[in-house]
Amino acid sequence: MKINPPKINIDSYFDYAASTPLDKQVLKSMLPYFGEHFGNSSSIHTPGQIAQNAIDLSRQKISLFLGCNLDEIIFTSGATESNNLALHGVIEANQSKNYIKHPNIITTTLEHASVLQPLSCYAKQGIKIYYIKPNQDGTVDVNKIIKTINKNTLLISVIYVNNIIGTIQPVAEIGRAIKSIQKQNHSQFPVFHTDATQAINYLNCKVEYLKSDLLTFSGHKIYGPKGIGILYKRQGVNLSSIFQGGGHENNLRSGTLNTPGIVGVGKAIELIEPNQNIKIAKLRDLLITEILKIGNSHVYGTPNNKTPNMACFYFNDISAQDLVIALDLENIYVSAGPACASKSLMSNTESYSFSNGVRFSLGKFTTEKSIRSVVKKLALIINRFRKL
Ligand code: PMP
């Protein structure tokens, strides 16, 4: 069967938080490693060493971006795997070494499913998980986290930027508080993990600023390829692996390294343009102003304390799913916010529900013209629904 997908107009793509288009320069950097430089980086012959050199260069770029050592970077298949490795890794290492007999874990109800789901498995095994709920503005209170820490707290996992409404969590402040507790106790616990997948494009992700022990992100949210993720692991943090095999990545992630993906994510990191933030924030604010002119429309949270690229709306009487489908028929691509949230997130956020949210997320190809055009079409669709 011949598959002939329709052409996507990037002007009407408003789902950059789900995935970004691959940057042309990133694609160019990757192509040789799909072609003539196909060697396995573990091989000691020349094709293998060409792949190894390309991986080394990418590792250098990422370590420069995060401000960390080369051996603190572990390549994985994506942020989902990185989050799983971080959480399982710390919990399993503790179970085998028995540092803390009855460990507990602190997290928030704003986390991605790839944090909440693994933790819920451990909850079933008897590990106490404390879920901190956000305030009305969509951010968690540092003091609530600090007050929950006790001598048995093994791990604290706090997302840097929530993937539905884009609120920035006070990760650096939390990190500083955890570091001083670790110092006081002369201990590596509680280990501090942050999922920075939605933050990398926009925020300071230097690990010394965040004071995180583990940090996660993914290639395809930064105009890089899919199927490649990073886990930063601070030297000295004990982690068990989840894959057994050839002992790649310092025995922490066995499996032949994905050379094209690694080269691509290195290039994507190099191309991050922080000076884009102002332009994108202006477009996001225009989108909010114009959508709020449509009757009975609301936005979750305030633009303060958010990354510049996201806005999540709800239209009381209209289902988010219906709206996403109606917009798709007009070749406009947005996301039904909670569709990417897990059930546990929804049930744990009584104080801050994102129900029926329609997420618009912007990126480097969004223009004022595309914003004005999408709002016009959205208003027509909403009027049509309301007349039904
Ligand atoms: N964490 C966050 C905050 C995300 O937004 C996503 C992607 N939706 C992930 C983790 C999972 O990333 P990946 O698709 O690379 O597995």
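I worked from a predicted model, where local features need pLDDT of at least 70, side-chain atom pairs count only at pLDDT 80 or more, and totals for chains, interfaces and linings use all residues. Residues are numbered from 1 along each chain as its sequence is written, and side-chain values use heavy atoms, with hydrogens and water left out.

**Ligand**

I asked which residues surround the ligand. There are 14 (a heavy atom within 4 Å), and the closest are Thr80, Asp195, Gln198, Ser218 and Lys221. I sorted the shell by class and got 10 polar, 2 nonpolar and 2 charged residues. Helix α3, residues 79-97, gives the most to this shell, with 3 residues.

I then looked up distances to side-chain N or O atoms. A ligand oxygen is 2.5 Å from such an atom in serine 218, and a ligand oxygen is 2.8 Å from one in glutamine 198. For threonine 197, the distance is 3.5 Å, to a ligand nitrogen. The protein covers 85% of the 390 Å² of accessible area that the ligand has on its own (Shrake-Rupley method, 1.4 Å probe).

**Sheet**

I traced an open sheet of 4 strands in the order β8-β9-β11-β10, with antiparallel pairing (strands are DSSP runs of E, at least two residues; a pair needs at least two bridges). β8 (297-299) and β10 (335-336) are the edge strands, each with a single partner, so one side of each has no neighbour in the sheet. β8 pairs with β9, residues 310-315, over 3 bridges. I noted that serine 297 has phenylalanine 315 in β9 as its bridge partner.

Terms used
Polar contact = N/O pair within 3.5 Å; in protein donor to acceptor, adjacent residues only side chain to side chain. Nonpolar A, V, L, I, M, F, W, Y, C, P; charged D, E, K, R; others polar.
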